[in-house]
Amino acid sequence: MNIVLLGPPGAGKGTLAALLKTELNVPHISTGDIFRSNIKNGTELGKKVQGILASGGLVPDEVTIEMVRDRLGHDDTASGYILDGFPRTIKQAEALDEMDTLDAVINFVLSDEEVVKRLSGRRLAPSTGKIYHIITNPPKREGYDDETGEKLIQRDDDKPEAIMHRLEVYRNETAPLIDYYRAKGNIIDIDASPSPEEVLRSVIASIKA
């Protein structure tokens, strides 16, 4: 089963992708992971991306499309895949249509208020990268990491004003994609506000309906 995940920051796409990967026994493919893998392995594409990112530029559609095409050609995608972070533009969506047929586009729906609540509550342990949440996953001692004892920080992009900007960028970027897939009739809107397990059940029920 070939699936694309869409949804605002904080909707839990990464968490749901991990659960879906196990449930469907197909790989979770994130464009961020593809970039990092190619850079780490020193591929020609990786060198190209590293140069672009080092200069502060945006990776062009053509390069991203080439990387995804290469990744979808691996043997582990024979039974399907879960794409997260691709496509981001209509051009990328059209390129994906040429590569393969999608079974479903899952659009996770979450209110701005809930996005801000989820993201602004995140706290990070600087040395390990471990993430806590002040409500849903608090540390044993408020404000400090359980393992290292170091003081937890809030990332700048998890502050409310930054979150609202990220939401605006997301809407401008993704609204055309949602319209594109809705016109094709293969988009499924899923309420992302319940627990990950409940959201997973909704996704499974929808794609198997």
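**Pockets and cores at a glance**

The lining of the largest pocket divides into 14 nonpolar, 14 polar and 7 charged residues. This is a predicted model, in which local features need pLDDT of at least 70 and side-chain atom pairs count only at pLDDT 80 or more, while totals for chains, interfaces and linings use all residues. Residues are numbered from 1 along each chain as its sequence is written, and side-chain values use heavy atoms, with hydrogens and water left out.

**Largest pocket**
- A pocket here is an open set of points on a 1 Å grid over the protein atoms alone where a 1.4 Å probe fits, with protein on both sides within 12 Å along at least five of seven lines; lining residues have an atom within 4 Å of a point.
- This one holds about 1100 Å³ of space.
- Among its 35 lining residues, Thr-31, Gly-32, Gly-85, Arg-88 and Glu-173 lie nearest the centre.
- With 6 residues, α7 gives the most to this lining.

**Second largest pocket**
- Here the space is about 610 Å³.
- Its lining has 25 residues, and Gly-10, Gly-12, Arg-118, His-133 and Thr-136 are the closest to its centre.
- The biggest share of this lining, 4 residues, comes from α6.

**Nonpolar core**
- Buried (under 20% relative accessible area, 1.4 Å probe, protein chains only) Ala, Val, Leu, Ile, Met, Phe, Trp, Tyr and Cys residues form a core when joined through side-chain atoms within 4.5 Å.
- The largest such core has 28 residues, and Leu-6, Leu-83, Leu-96 and Tyr-181 have the most contacts inside it.

Conventions. Buried < 20%, exposed > 50% of the residue type's maximum accessible area, 1.4 Å probe, protein only. Points joined across faces, edges and corners; volume = space filled by probe spheres on them. Helix = DSSP H or I, 4+ residues; strand = E, 2+ residues; numbered from the N terminus. Nonpolar A, V, L, I, M, F, W, Y, C, P; charged D, E, K, R; others polar.
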